[in-house]
Amino acid sequence: MATADHLTTNVIIPDFQPKIKYNDPVFMAGSCFSEHISDKLDRYKYDVLSNPFGILYNPVSLASSIDRISRLAFYSTDELVLHDGLYHSMDHHGLFSGRNEAEVIDKINRSIQHAHAHLKKSKVICISPGTAKVYRYIETAAIAGNCHKIPQSHFTYETLTLSQCIETFERTIVSIRKLAPEASIIWTVSPVRHMRDGLVENQRSKSTLILAIEEVIRNHPQSGYFPAYEIMMDQLRDYRYYARDLIHPSPVAVDIIWDIFCDAYIDLQERVHHAAIERIKRAMEHRTLHDDPEAVRSFAQGQLKNIDQMASLLPDLNWQKERQYFFQYLDND
């Protein structure tokens, strides 16, 4: 065996059944890593909804968000906090914040309504916590999903215990089962290290999440574990796989983890279409440098033929966005 064969230690992924197919809606919630995977699923035209409350890291905030989605429990204006000229929900990411109180509430509640409908039809649900560390907002005594740059003096900083994480994950499953009793659940721990307290505390935090998930999976056979954190820490244990901050996975690392995810969870018959879809997506991202209108029209016509071919193979998928993009070049003068 060549020396190079010993330079990585591959993480073994247990086979997961049933595999994800194009007619299987997927619901994802949690860390920015869940955003990476959902972006990939969306790129290859799976029916996926990601983070209807925005990115959330701690188990309590994740459980609260899914509980409110399952109960269709809308927010009211008295649940918002005004800080620095913006209205915020302490349960939501800052992308929901705004200067108009009514518009913030409307955006939040429309997202809950959409998420409720999507979760109800979902066949696969992915939950990706990132840390067992939590900030508790002193004014309400509730754990915050996002601190919105409110001064730290307004919060206490705590670490969830193993039993608290297990109990919170169990509540999450109860909420999911209200709407999607037959859905498969994939748990994963975000590979992004939380460095606020240093590497030792990060490892303790991640370990708490991993142990809690192990216990929950033992009690719920429809659940499985995707070891994204372990892949990043062990199989990709080289800083070339990190972004410039040396904390977040680089695009190459995300691609590698996505490929491993595909091997473990996505039906092989569906994956054969990924390459053709990728070519269409890259054509849409291609910046044409040609000033010949006829050449541009010819390129667009060729891509529309490719889309028609894919639509014949995957007729249930919506190809409107791709068609509209290339149709705009047919009348280019």
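Mentor: Before we start, a salt bridge here is a side-chain nitrogen of Lys or Arg within 4 Å of a carboxyl oxygen of Asp or Glu. And keep in mind that this is a predicted model.

Trainee: Okay. How far apart are the N and O of lysine 133 and aspartate 197?

Mentor: They sit at 3.8 Å, N to O, so with a cut-off of 4 Å the two side chains make a salt bridge.

Trainee: Where in the chain do lysine 133 and aspartate 197 lie?

Mentor: Lysine 133 is in strand E6 (residues 133-137), while aspartate 197 is in the loop between E9 and H5. They are 64 residues apart, so the pair links distant parts of the chain.

Trainee: Is lysine 133 buried or exposed?

Mentor: Lysine 133 is buried, at 13% relative accessible area. Aspartate 197 is partly exposed, at 31%.

Trainee: How many salt bridges does the count give?

Mentor: The count comes to 24. One of them joins the side chains of lysine 40 and aspartate 255, 2.5 Å from N to O. That pair also links distant parts of the chain: lysine 40 belongs to helix H1 (residues 32-43) and aspartate 255 to helix H7 (residues 251-265), 215 residues apart.

Trainee: And how accessible is lysine 40?

Mentor: Lysine 40 has 16% relative accessibility and counts as buried, whereas aspartate 255 is partly exposed at 34%.

Trainee: Switching topic. Which residues of strand E9 are buried on each side?

Mentor: Strand E9 (residues 184-187) has Ser184 and Ile186 buried on one side, and Ile185 and Trp187 buried on the other. Both faces are covered.

Trainee: Which way does strand E5 run against E9, parallel or antiparallel?

Mentor: Parallel: 4 bridges join E5 (residues 124-128) to E9. In that pairing, valine 124 has serine 184 as its bridge partner.

Trainee: How many bridges pair E9 with E10?

Mentor: There are 3, again in the parallel sense, with E10 covering residues 223-225. Isoleucine 185 stands opposite serine 223 there. From E9 the chain crosses through helix H5 (residues 199-219) to E10, and this β-α-β crossover is right-handed.

Key
Residues numbered from 1 in each chain as written. Predicted model: local features only at pLDDT ≥ 70, side-chain atom pairs only at ≥ 80, totals over all residues. Heavy atoms only, no water. Buried < 20%, exposed > 50% of the residue type's maximum accessible area, 1.4 Å probe, protein only. Helix = DSSP H or I, 4+ residues; strand = E, 2+ residues; numbered from the N terminus. Pairing = 2+ DSSP bridges. Right-handed = clockwise from strand over helix to strand, strands pointing away.
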